[in-house]
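This report goes through a single protein chain, from its overall make-up to a few selected residues. The sequence and the model come first.

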Amino acid sequence: MAFVCGPECCNANNDDTVPVAGKPVQADPTREAVEDRPVKGIETSTGTAAAAVKEAAAAPPKLEPPKALPTAEGTPITQSPALAASPAPTPTKITTWVYKPFNDKVIDIRRRATLSVDKEEKAGFRMAPDEVFEVSEEVKATEEGEEVLFLKLADGRGWVFDKRPRKGMMCIRQEDLHKLPPPAAPAPALAPAQAPPQQQEAPATAQGETQEGSPADPVEPSKKDKG
């Protein structure tokens with residue numbers, strides 16, 4: 001491409017492309033106009049560009065796998081295969097119990113699993129003998145050398161226990177009631193002791209009475225007896 005330069009371009013030194021005033025400038029054959037140079041990878045056809053945009057929009061996006069989150073110490077959190085394969089926890093099974101104390105007394109329900117009778121351990125509720133209740137949690141513990149099963153009441157009142165070490169049973173499962181021995185029959189009441197019958201003695205004959213008990217007429221001495 002050729003163009004005509006004005007007089008202001010003639011001040012440049014050692015520029016053989018700068019023409020003298022009025023002469024055309026010869027283009028450098030090694031140089032090409034930017035607008036004439038094709039750009040690789042881009043087609044100027046409107047239809048081809050529209051098809052490329054449509055194809056890119058229809059292609060599903062590529063999702064990267066989630067990255068492990070770092071902990072406070074900087075170690076990524078990873079889930080063990082055993083934990084991932086373990087089944088979900090099952091809901092707690094509700095069991096039914098009966099309060100059958102060995103001493104036939106009421107019990108103070110505890111705030112937590114303990115045998116302590118301190119005032120601060122009492123939940124403010126009591127349970128009477130033969131009361132049926134539901135349990136949501138059972139905890140085994142060793143108390144005074146024996147295994148005790150603590151029972152958490154499902155109604156939220158607190159805890160009781162199945163026995164007192166070295167004393168006896170406190171609670172029993174409802175399905176095990178048939179294992180209890182039948183209650184002993186009450187002893188018959190004793191009749192009040194009766195005094196043995198006393199023998200009646202015949203009244204002694206008083207002086208001046210006959211055998212029939214009629215008083216005898218007094219006998220006055222006669223005059224002959226006096227003489």
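A residue is called buried when its relative accessible area is under 20%, exposed when that area is over 50%, and partly exposed in between. By this cut-off Phe150 and Phe161 are both buried. The model described here is a predicted one.

## Overall make-up

The chain contains 3 helices and 9 strands. Read from the N terminus, the order of elements is α-α-β-β-β-β-β-β-β-β-β-α.

Of the 227 residues in the chain, 15% are buried. The accessible surface comes to about 19700 Å², and carbon and sulfur atoms account for 55% of that surface. Among contacts between residues at least 6 apart in sequence, 47% join residues at least 24 apart.

## The aromatic pair

How many aromatic pairs does a search of the whole structure find? The search finds 1. The pair consists of Phe150 and Phe161 in an edge-to-face arrangement, with 6.3 Å from centre to centre and 75 degrees between the planes. The angle counts as edge-to-face because it is over 60 degrees.

Phe150 belongs to strand E5 and Phe161 to strand E6 (residues 159-161), so that the pair links distant parts of the chain, 11 residues apart.

## Salt bridges

There are 9 salt bridges in the structure. One of them joins Arg126 to Asp108, with 2.9 Å between the closest N and O atoms. Because Arg126 lies in strand E3 (residues 122-127) and Asp108 in strand E2 (residues 107-110), this pair ties together parts that are 18 residues apart in sequence. Arg126 is exposed, at a relative accessible area of 56%. Asp108 and Arg126 also belong to a network of salt bridges that includes Lys122.

A further salt bridge is formed by the side chains of Lys163 and Glu146, at 3.6 Å from N to O. This pair, too, links distant parts of the chain: Lys163 is in strand E7 (residues 163-164), Glu146 is in strand E5 (residues 146-153), and 17 residues is their separation. Lys163 is partly exposed at 25% relative accessibility, and Glu146 is partly exposed with a relative accessible area of 25%. Lys179 and Asp176 form another salt bridge, the closest N and O atoms being 3.5 Å apart. Lys179 is exposed, with a relative accessible area of 60%.

## Arg110, a buried charge

Arg110 lies in strand E2. Which side chain of opposite charge is nearest to Arg110? It is that of Asp108, 5.4 Å away.

The side chain of Arg110 does have backbone oxygens as partners. It reaches the backbone oxygen of Asp108 at 2.3 Å. A polar atom of the Arg110 side chain also lies 2.6 Å from the backbone oxygen of Ser116. Leaving aside residues up to four places away in sequence, Arg110 touches Leu115, Ser116, Val117, Glu121, Ala123, Arg157, Gly158, Trp159, Phe161 and Arg164. Phe161, a member of the aromatic pair, is therefore among the residues in contact with Arg110, with heavy atoms within 4.5 Å.

## Two loop residues with positive phi

Asp130 is located in the loop between E3 and strand E4 (132-143). Its phi is near 70 degrees, a positive value in a residue other than glycine. Asp130 is partly exposed, with a relative accessible area of 49%. The C-alpha atoms of Asp130 and Tyr99 are separated by 5.1 Å, although the two residues are 31 residues apart along the chain. With residues up to four places away in sequence left out, Asp130 touches Val98, Tyr99 and Lys100. The side chains of Asp130 and Lys100 are joined by a polar contact of 2.7 Å.

Asp104 sits in the loop between strand E1 (95-99) and E2. Phi of Asp104 is near 55 degrees, again a positive value in a residue other than glycine. Asp104 counts as exposed, at 62% relative accessibility.

Key: Residues are numbered from 1 along each chain as its sequence is written. This is a predicted model: local features need pLDDT of at least 70, side-chain atom pairs count only at pLDDT 80 or more; totals for chains, interfaces and linings use all residues. Side-chain values use heavy atoms; hydrogens and water are left out. A salt bridge is a side-chain nitrogen of Lys or Arg within 4 Å of a carboxyl oxygen of Asp or Glu. Helices (H or I, at least four residues) and strands (E, at least two) are DSSP runs, numbered from the N terminus. Buried means under 20% relative accessible area, exposed over 50%, partly exposed in between (1.4 Å probe, protein chains only). Rings of Phe, Tyr and Trp (its six-membered ring) pair if their centres lie within 6.5 Å; planes under 30 degrees apart count as stacked, over 60 as edge-to-face and the rest as tilted. Lys and Arg count as positive and Asp and Glu as negative; His and the chain ends are not counted. A polar contact is a pair of N or O atoms within 3.5 Å; within protein, one must be able to donate a hydrogen and the other to accept it, and residues adjacent in sequence count only if both atoms are side-chain atoms. Accessible areas come from the Shrake-Rupley method with a 1.4 Å probe; for residues, only the protein chains shown count as cover.
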